[in-house]
Amino acid sequence: MSDLLTIKDLTISYKETEAVSRVSLSLKKGEILCLVGESGSGKSTILKAVTGLLSSDGQIQSGQILFKNTDLASISDRDLRKLCGREIGVVFQNAGASFHPMRTIGDQLYEIERTVGRMDRKAFNEKAGGLLLKFGLSDPKRVLSSYPFELSGGMQQRVGIAAAMLLSPGLLLADEPTSALDVTLQKQVVEELLMTRQEYKAAILMVTHQMGIVRRMADQVLVLKEGKTVEYGPADQVLNHPKADYTKKLLAAEPKLRKSEEPEG
C-alpha cells in the first residue's frame, strides 16, 4: 500500500530560530502515527505546516510534505484550502474555540457541507444527526440547534471530531485533542478517534504528550526533542524497547493509571 502522507527532511524556522530540523515520516491509509515530545519540541509546528497554518513568521526552509504525491509545501494557498476539510480534517486542542460563538452548530456544519455541493437542509440534518450519534452525542437535534457555549467541553470536542470527519477526509490531524479533558472524557475521545479510523479508514497524525494515550492508539511513534527526531518506529518497538535515553525519560514520567482509569480494550 502506498503512503498517504510522506514528510521528507522537513525543516521549519521561525525568524532566525529553527523549530523543526530534517524530520521525515510516512503514514499509510488507516494508520495512526503519534508525535510525542516535551513542549516546544516542534510537534504542533509539523501539523501546522501540513495545513498551511504556520504563523506569518514561520517558514518551510526545505523538505517536502507529500499528500497523495502532491507537495503541500509548494502548492498555492487556494489549492491547499480546497484539500483541507475535503481530504484533510483537523481537530484542535480546544475544539470549542474553533466554532463561531454566535452561530449554531448546525449552521456551521451546514456551511462545511456546502463547500462540496448543495444538499438541502433537511437531508443535511439527517446526515449530520447520524454522524453525531456515531460520536456519542445521543441528542443530535439538540446539539445541532445549540450554540458552542451551550455544550460541555467533552461535547465540544466530540462535535469537533464530527466536524472534521463531515466530508469523510482520508487524513485526520489531531493536535492534543484530549489534553484539556478529564480522564473519563479522554477515554471517550480516544475511543471515538479509534472508531474514526475503523469506520472511515482514515489515517491519523496526532500530537500528544500523554504516553498512555500513545499506548492505546499508536501504530507508529515519532519522538521529537528540540525539533529533531530522537526515535521513530513501530509503537511496540518505541514504547516497549526504546533505544534513546530521551524516550526512556518520557516513558518513565508517564503517570501510572489506577485500575478504574485504564482504557478498555
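**Labels and the values behind them**

Modeller: Keep in mind that this is a predicted model.

Colleague: What makes α6 mostly covered?

Modeller: Twelve of its 13 residues are buried. Among them are Gln156, Gln157 and Arg158, along with Val159 and Ile161. The buried residues of α6 pack against β6 (88-91), α3, α4, α5, β7 and α7.

Colleague: How do you know that the length of α4 fits a helix?

Modeller: Helix α4 runs over residues 121-134, so 14 residues at 1.5 Å each should span 20 Å; the end C-alpha atoms are 20 Å apart, and that agrees.

Colleague: Which residues of α4 are buried?

Modeller: Phe124, Ala128, Gly129, Leu131 and Leu132. They cover an arc of only 165 degrees around the axis, so they sit on the same side of α4. That buried set packs against α3 (105-113), α5, α6 and α7 (183-200). On the face turned away from the buried side, you find the exposed residues Lys122 and Glu126.

Colleague: Why is phenylalanine 149 called exposed?

Modeller: Exposed means over 50% relative accessible area. Phenylalanine 149 has 57%, so the label holds. Phe149 lies in the loop between α5 (140-145) and α6 (153-165). With Met102 and Tyr147, Phe149 forms a nonpolar patch on the surface, about 350 Å² of accessible area together.

Colleague: And why is alanine 180 called exposed?

Modeller: The cut-off is again over 50%, and alanine 180 has a relative accessible area of 59%, so it counts as exposed. Alanine 180 lies in the loop between β7 (171-175) and α7. Alanine 180 and asparagine 94 are 86 residues apart in sequence, with their C-alpha atoms 7.2 Å apart.

Colleague: What makes the phi of asparagine 69 worth a look?

Modeller: Most residues other than glycine have a negative phi. Asparagine 69 is not a glycine, yet has a positive phi of about 70 degrees. Asparagine 69 sits in the loop between β4 (58-67) and β5 (70-71), and at 72% relative accessibility it is exposed.

Colleague: Glutamate 176 has a positive phi too. Is glutamate 176 buried or exposed?

Modeller: Buried means under 20%; glutamate 176 has 10% relative accessibility, so it counts as buried. Its phi is about 50 degrees although it is not a glycine, and its place is in the loop between β7 and α7.

Definitions and conventions
Residues are numbered from 1 along each chain as its sequence is written. This is a predicted model: local features need pLDDT of at least 70, side-chain atom pairs count only at pLDDT 80 or more; totals for chains, interfaces and linings use all residues. Side-chain values use heavy atoms; hydrogens and water are left out. Patches are made of residues with over 30% relative accessible area and no salt bridge: like charges are joined within 9 Å, nonpolar side chains (Val, Leu, Ile, Met, Phe, Trp, Tyr) within 5 Å. Accessible areas come from the Shrake-Rupley method with a 1.4 Å probe; for residues, only the protein chains shown count as cover. A salt bridge is a side-chain nitrogen of Lys or Arg within 4 Å of a carboxyl oxygen of Asp or Glu. Helices (H or I, at least four residues) and strands (E, at least two) are DSSP runs, numbered from the N terminus. Buried means under 20% relative accessible area, exposed over 50%, partly exposed in between (1.4 Å probe, protein chains only). The expected span of a helix is 1.5 Å times one less than its number of residues. The arc is that of the directions from the helix axis to the C-beta atoms. Contact means heavy atoms within 4.5 Å.
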